[in-house]
Protein chains: 2
Amino acid sequence: MKLEADALDLLFREARSHNAFTDEPVTDNELYQLHAILKQGPTSANCSPARFLFLRTKEAKQKLAPALSSGNHDKTMAAPVTAIIGHDLAFYEQLPRLFPHADARAWFVGNEPLIESTAFRNGTLQGAYFILAARALGLDCGPMSGFDNAKVDAEFFAGTTVKSNFLVNLGYGDPGKLFPRSPRLAADEIARFA
Amino acid sequence: MKLEADALDLLFREARSHNAFTDEPVTDNELYQLHAILKQGPTSANCSPARFLFLRTKEAKQKLAPALSSGNHDKTMAAPVTAIIGHDLAFYEQLPRLFPHADARAWFVGNEPLIESTAFRNGTLQGAYFILAARALGLDCGPMSGFDNAKVDAEFFAGTTVKSNFLVNLGYGDPGKLFPRSPRLAADEIARFA
């Protein structure tokens, strides 16, 4: 089986990062569906380090505001939902449950560089699954890296082992507010055969 | 528009990481189709740092072998294609072309921590797009982090600004060789609302 052309368009070829959204809300049920889909995407040793904080209230958005770059402020305040995509540096404590056929927890204990690279890599993979799962459900995304991670961590994750990675505005995009799509690198610029 | 249930199954819900593949080859045309799809996935400032090296010959696989963890050796030697997912730390030199409406190159020049985190984050996002685009084309993936990145970089990327991130075996999976699916974290363990 392969995806049909219209499904490839929905996920990749015609999908766009959105800066403005309609007033249509994103429901709790949609966010739970999103989780049910993205959680099945692969991570190394099933480590599943991503954590998601969904900001929906004006109060929560205003806590985020001081951390945003100027170009990301207004569109984020206006988005129906802003998701903070983070990862838990204590992810390996869950490995006896998530990867029961080996002592995978022991691979990580005391190895901070491996903990950090594994959390960042796999949390980011799950962030990509989040974006594509949202598109699969008919939602639109506005992913952003332009913010102060340390400020977000202090405001939302103080006293925890969770660190912020990137942000995603979520909602139903307003196609009239899109910029033209930027060019991509050609196949022979990014792929080689050996 | 939303994806139909069978498409969600293909990409996420029934898809599995494969350890063994049939003899059916992966064609050049399939790899070019894979690029044409995954390249449209979003990256910050369209920076598109991922680079892909497709190992298909016995000679290329044997150069990879010394870098693999023991558990990843045999299945990788047997896979029709092994893709090295890497990222180019000089990605920002392409930004005048990829993001022409701002001087985004200047954001990065001389800022090594920002270069490294941006390349790793966005190259990993593109690695996830790679996995899902492959599944969308009917291919199966076996992603792996269990290898020595420094050895792979020395063998395949010496004298370049490309660094390895993770590996993906590609082909048509043999479902008879799958392990049972491991459990996932529940929604309330990884998602919160504010």
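Q: How many salt bridges are there over all chains, by this rule?
A: The model is a predicted one, and the count over all chains comes to twelve salt bridges. One pair crosses between chains, from E189(B) in helix 9 (residues 187-190) of chain B to R97(A) in helix 5 (residues 95-98) of chain A.

Q: Why is the pair E189(B) and R97(A) called a salt bridge?
A: The rule asks for a side-chain nitrogen of Lys or Arg within 4 Å of a carboxyl oxygen of Asp or Glu. The closest N and O atoms of E189(B) and R97(A) are 2.5 Å apart, so the pair meets the cut-off of 4 Å.

Q: What makes E189(B) and R97(A) partly exposed?
A: Buried means under 20% relative accessible area and exposed means over 50%, with partly exposed in between. E189(B) has a relative accessible area of 33%, and R97(A) has 38%. Both values lie between the two cut-offs, so both residues are called partly exposed.

Q: What makes D174(A) and K177(A) a salt bridge?
A: Their side chains meet at 3.6 Å, N to O, and the limit is 4 Å, so the pair counts. D174(A) is partly exposed, because its relative accessibility is 24%.

Q: Which residue forms a salt bridge with R97(B)?
A: The partner is E189(A), with the closest N and O atoms 2.6 Å apart. This pair crosses between chains, from helix 5 (residues 95-98) of chain B to helix 9 (residues 187-190) of chain A. R97(B) has a relative accessible area of 39% and is therefore partly exposed; E189(A), at 35%, is partly exposed as well.

Q: How many salt bridges does the rule find across the interface of chain B and chain A?
A: It finds two. The side of chain B that touches chain A draws its largest share, 13 residues, from helix 7 (residues 112-136) of chain B. By class, that side has 40 nonpolar, 18 polar and 14 charged residues.

Q: What does the contact between the chains consist of?
A: It takes 72 residues from chain B and 71 residues from chain A. The area buried between them is about 6,600 Å², and carbon and sulfur atoms give 66% of it. There are also 28 residue pairs in polar contact between the two chains.

Q: Why is strand 1 of chain A called largely enclosed?
A: Six of its six residues are buried, so the rest of the structure largely encloses this strand. On one side are A50(A), F52(A) and F54(A), and on the other R51(A), L53(A) and L55(A).

Q: Which strands pair with strand 1 of chain A?
A: Strand 2 (residues 81-88) of chain A pairs with it in the antiparallel sense over six bridges; there, F54(A) has A83(A) as its bridge partner. Strand 5 (residues 191-193) of chain B runs parallel to strand 1 (residues 50-55) of chain A and is joined to it by three bridges. Pairing needs at least two bridges, so both cases qualify. In strand 5 of chain B, A191(B) stands opposite F52(A) and R192(B) opposite L53(A).

Q: How do you know that strand 2 of chain B is mostly covered?
A: Eight of the eight residues of strand 2 (residues 81-88) of chain B are buried. Strand 2 of chain B is joined to strand 4 (residues 162-171) of chain B by eight antiparallel bridges, where V81(B) has L170(B) as its partner.

Methods. Residues are numbered from 1 along each chain as its sequence is written. Chains are lettered from A and ligands numbered from 1 in the order in which they are written. This is a predicted model: local features need pLDDT of at least 70, side-chain atom pairs count only at pLDDT 80 or more; totals for chains, interfaces and linings use all residues. Side-chain values use heavy atoms; hydrogens and water are left out. Contact means heavy atoms within 4.5 Å. Buried area is the accessible area (1.4 Å probe) that two parts lose on being put together, summed over both. A polar contact is a pair of N or O atoms within 3.5 Å; within protein, one must be able to donate a hydrogen and the other to accept it, and residues adjacent in sequence count only if both atoms are side-chain atoms. Helices (H or I, at least four residues) and strands (E, at least two) are DSSP runs, numbered from the N terminus. Ala, Val, Leu, Ile, Met, Phe, Trp, Tyr, Cys and Pro count as nonpolar, Asp, Glu, Lys and Arg as charged, and the others, Gly among them, as polar. Buried means under 20% relative accessible area, exposed over 50%, partly exposed in between (1.4 Å probe, protein chains only).
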